[in-house]
Amino acid sequence: MGTYLAWSVNRPGWWGEGEIKFYLDGDREFPTICGTGTEDYFGGAWNFDAGGYQTFTGPYSGLAQIVRPDGLYKSQTRFGLYRWHLVDRYGSNPIFA
């Protein structure tokens with residue numbers, strides 16, 4: 001009924017751009033869900049950045065986890081994002097009707 005994404009950033013720069021596409025219920029040419037970027041799909045437009053990455057949680061979307069580099073081993077930032085489609089009306093699935 002939704003998506004949880006664990007994202008690992010492996011290089012510097014903006015990591016969230018890219019079209020989100022979900023093909024449901026026999027979609028062929030066009031997806032039922034199509035977004036303009038990862039940040040828009042998960043409800044954190046404009047790079048999730050309000051003076052540095054901050055977690056936020058809502059009933060249907062959020063950036064629930066940020067694991068920042070520790071400095072010792074220079075690990076990269078990790079993110080945990082979610083979006084639940086319980087109230088969305090997509091496709092012919094009766095759960096969304």
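Tyr82 counts as buried because its relative accessibility is 8%. Buried here means under 20% relative accessible area, exposed means over 50%, and partly exposed lies in between, with a 1.4 Å probe and protein chains only. The structure is a predicted model, in which local features need pLDDT of at least 70, side-chain atom pairs count only at pLDDT 80 or more, and totals for chains, interfaces and linings use all residues. Residues are numbered from 1 along each chain as its sequence is written, and side-chain values use heavy atoms, with hydrogens and water left out.

**Aromatic rings**

The structure holds seven aromatic pairs. Rings of Phe, Tyr and Trp (for Trp, the six-membered ring) pair if their centres lie within 6.5 Å; planes under 30 degrees apart count as stacked, over 60 as edge-to-face and the rest as tilted. Tyr41 and Phe42 form an edge-to-face pair, because their ring centres are 4.8 Å apart and their planes stand at 85°. Tyr82 and Trp84 form a stacked pair, with 5.5 Å from centre to centre and 25° between the planes. The accessibility of these residues is listed below.

| Residue | Relative accessibility | Class |
|---|---|---|
| Tyr41 | 5% | buried |
| Phe42 | 1% | buried |
| Tyr82 | 8% | buried |
| Trp84 | 33% | partly exposed |

One aromatic cluster is formed by Trp7, Trp15, Tyr53 and Phe79.

**Strands**

Phe79 also takes part in strand pairing: Phe79 in S6 is the bridge partner of Ile66. Strands are DSSP runs (E, at least two residues), numbered from the N terminus, and two strands pair if DSSP finds at least two bridges between them. S5 and S6 pair in the antiparallel sense over six bridges. Strand S4 (residues 56-57) and strand S5 (residues 61-67) also run antiparallel, joined by two bridges. Phe56 has Leu63 in S5 as its bridge partner. A hairpin of three residues links S4 to S5.

**Surface patch**

Which residues form a nonpolar patch on the surface? They are Met1, Tyr4, Tyr60, Trp84, Leu86 and Val87, with about 620 Å² of accessible area together. Accessible areas come from the Shrake-Rupley method with a 1.4 Å probe, and for residues only the protein chains shown count as cover. Patches are made of residues with over 30% relative accessible area and no salt bridge; like charges are joined within 9 Å, and nonpolar side chains (Val, Leu, Ile, Met, Phe, Trp, Tyr) within 5 Å. A salt bridge is a side-chain nitrogen of Lys or Arg within 4 Å of a carboxyl oxygen of Asp or Glu. Leu86 lies in the segment after strand S6 (78-84), and Leu86 counts as exposed because its relative accessibility is 52%.

Conventions
Helix = DSSP H or I, 4+ residues; strand = E, 2+ residues; numbered from the N terminus.
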